[in-house]
Amino acid sequence: MLKKIWFIFALCPLFLLGQKTNENQLNIEFIHKVDSQILTLDTAKYFNALGQPFFITKFKYYISQIELINEKGKKTESHEVFLINEEEPASKKISISKVKDGEYSQIQFILGVDSLRNCSGAQSGALDPIHAMFWTWNSGYIFLKLEGKSTESSATGNIFEYHIGGYKEPSNCIQTIHFNLKSPLIFSKKSSQNLTIQVNVAELLKHPVVIDFKTMPSVTDTKNAKLISTNYSDMFSIQ
Amino acid sequence: MRKIFGFIFGISLLLSFVASNENPYFKISKKDVKLNLPKEFPAPLYNFKENPITLAGFELGRKLFYDEILSRDSSVSCHTCHQRIAAFAHIDHALSHGIDAKIGTRNVPALQNLIWRDAFMWDGGINHLEVQAINPITSKIEMDETLANVIRKLQVNEEYKFLFKKAFQDTVINSQRMLKAIAQFTSLMISSNSRYDKYMRGEDTFSIQEKNGLTLFRQKCASCHREPLFTDNSYRDNGILLDTSLKDLGRGKITQLAIDNYKFKVPSLRNAEMTYPYMHDGRYRKLYDVVKHYANHNSHSASVDSAVIKIGTISDNEKVDLVAFLLTLTDKKFLYDKRFSNPNFK
């Protein structure tokens, strides 16, 4: 009996120690915009680089493999996958726990889902195909969906839809987004840090590939998706 | 004496009640879901570590496979187009009909030896056995249902609540579990007991005609229809002319490379006797027609695979011998395997 009590006492400091390193947390908020305006689904009218008017009805994407990097190049990695969906405000605020103590001057993440997870069978959580972010005829996750309407669109119902995905070459749309932080994120002793990432949907439609709703109202295959995916990186910014 | 009979009768009645209460379907025991890999086959590609087959998981998969609940209006199940007696192909249907009698664009492939497949569908668009079932469930012309709605229906169904809990030990019902259960069922569909297999194992004999057929098969067909699975898992243009109403690009639609246009997966020939009609669009009704196609080089498309050109001539006698050999690939043990029967019929 005595031995057992000693054993429990002996475990206590270990337990506390474990907790300490686990409690650093990074909170990231994604703010969706169309140029200077905050994104509003369905009702707000926007114009693309060609002056074509449009409304946005859907905007959702996967963020994964978030990494914080310190001056020495050491990393804290998260293997969690997040589905950010404009329709669900709560999904735009994500948290990574178990950030190791340290000073991080860089952050990077993948827009999309890593190749292994694209071919590992049935999955759950953010990757549950129930979220309609999975191609059923050509297996793999849709990394980003942007849908809307434009009177200039040549598609039925004046819709446009851009479903970006593909993890295999030559149509690999997985892209790493990387930032050098102006002021480093410092974590020590159960600290929690916040980061705001701006996501400008307008950039997805204009640089380097200008999307014309008339000639390209619908992209739902990997080849053209690759083309649009080159527009990803300009979309994100950190103030 | 009468008392003893009465006692025995009572006990057996009680036992049958207990047994049927535990399992209302065809009695499957643990040993029925044991993975017995044929010695002659290569190592399977499916990773069972991520989804080990259990009795309860297999039974759940079996129930799902035969249940129309997966379709929008409860009219279509997997079994509607994948019939056991046809090695889970759709017997006598060139193209299949799905929901609202809509007609598909391709011939239903047999379901057998799936754990040796690296990709699924005629064009190989599906990269994993577990995600395969999402396609027919959500296809507008097959079951036309959303995954979200299927899961909602299962979550409120008392029988499924019971079966999921039995298979996964807790009350969560999600698409991952549903898909893994279906994969447990389909992964055990192993055909390795045809007369060909028995002949190879020295348990059966071949007629002279069948032996000739095997020799010819090895000379002319086996480079693509590689033994013992009778496919090399590749995609090839077998030279049939494009059906201009279907305009099916095949593999090219998946890779979006022009060189892959009109290529289709090399199908296994196991149980070919029962999987008629043949080719990706079911254009040939008889095995003899298929053999004739490969012999008739003048009728081939310009983009035909070089392996088909190498076949050369096949005499009429040789055609008959080849068909005789193909019939030895029928695996009655598999076709009548009760483990894969409809659980709703006792």
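Let me start with one residue, B:S175, which sits in helix 8 of chain B. What we are looking at is a predicted model, and I will keep to what can be computed from it. With a relative accessibility of 0%, B:S175 counts as buried, because the cut-off for that class is under 20%. If we set aside the neighbours within four places in sequence, the contacts of B:S175 are A:Q123, A:D128 and A:P129 on chain A, together with B:L147 and B:I151 on chain B.

That residue leads us to the interface of the two chains. Here 20 residues of chain B are in contact with 19 residues of chain A, and the two chains bury about 1700 Å² between them, with 54% of that area on carbon and sulfur atoms. Which three residues supply more than any others of the area that chain B buries against chain A? They are B:N127, B:Q176 and B:Q256, which together account for 32% of the area on that side.

As for the polar side of this interface, the count of salt bridges between chain B and chain A is zero, whereas 13 residue pairs are found in polar contact across it, both partners being at pLDDT 80 or more. Several helices of chain B each supply at least two residues to the side that touches chain A, namely helix 4 (129–132), helix 5 (134–138), helix 6 (147–155), helix 8 (175–187) and helix 11 (251–255). The largest share, four residues, comes from helix 8 of chain B, the helix in which we found B:S175. Sorted by class, the side of chain B that touches chain A has eight nonpolar, nine polar and three charged residues.

Let me now turn to chain B on its own. The domain assignment gives domain 1, covering 26–191, and domain 2, covering 195–330, and the centres of these two domains, taken over C-alpha atoms, are separated by 26 Å. The contact between them takes 31 residues from domain 1 of chain B and 27 residues from domain 2 of chain B. Between them the two domains bury about 2500 Å², of which 54% is on carbon and sulfur atoms. On the domain 1 side, B:R117, B:W122 and B:D123 supply 27% of the area buried against domain 2 of chain B, more than any other three residues.

How many salt bridges does the rule find across the interface of domain 1 and domain 2 of chain B? The rule finds one. In chain B we also have the pair B:D248 and B:R106, which form a salt bridge with their closest N and O atoms 2.7 Å apart. The residues on the side of domain 1 of chain B that touches domain 2 of chain B divide into 16 nonpolar, nine polar and six charged.

One further residue of chain B deserves a word, and that is B:R339, which lies in the segment after helix 15 (332–335) of chain B. Is B:R339 buried or exposed? At 17% relative accessibility B:R339 counts as buried, because the limit is under 20%. The side chain of B:R339 reaches the backbone oxygen of B:D32 at 2.7 Å.

I will finish with the backbone geometry. In chain A, a cis peptide bond joins A:H207 and A:P208, with omega about 0 degrees, and A:P208 is placed in the loop between helix 3 (201–204) and strand 14 (218–219) of chain A. In chain B, a cis peptide bond joins B:Y276 and B:P277, with omega about -5 degrees, and B:P277 is placed in the loop between strand 2 (264–265) and helix 12 (287–295) of chain B.

Turning to phi, A:A132 has a positive value near 60 degrees; A:A132 is in the loop between helix 2 (115–118) and strand 9 (134–135) of chain A, and is partly exposed, with a relative accessible area of 39%. B:D92, although not a glycine, has a positive phi of about 65 degrees. B:D92 is found in the loop between helix 3 (78–81) and helix 4 of chain B, and at 53% relative accessibility B:D92 counts as exposed.

Terms used:
Residues are numbered from 1 along each chain as its sequence is written. Chains are lettered from A and ligands numbered from 1 in the order in which they are written. This is a predicted model: local features need pLDDT of at least 70, side-chain atom pairs count only at pLDDT 80 or more; totals for chains, interfaces and linings use all residues. Side-chain values use heavy atoms; hydrogens and water are left out. Contact means heavy atoms within 4.5 Å. Buried area is the accessible area (1.4 Å probe) that two parts lose on being put together, summed over both. A salt bridge is a side-chain nitrogen of Lys or Arg within 4 Å of a carboxyl oxygen of Asp or Glu. A polar contact is a pair of N or O atoms within 3.5 Å; within protein, one must be able to donate a hydrogen and the other to accept it, and residues adjacent in sequence count only if both atoms are side-chain atoms. Ala, Val, Leu, Ile, Met, Phe, Trp, Tyr, Cys and Pro count as nonpolar, Asp, Glu, Lys and Arg as charged, and the others, Gly among them, as polar. Buried means under 20% relative accessible area, exposed over 50%, partly exposed in between (1.4 Å probe, protein chains only). Domain bounds come from an automatic or database domain assignment.
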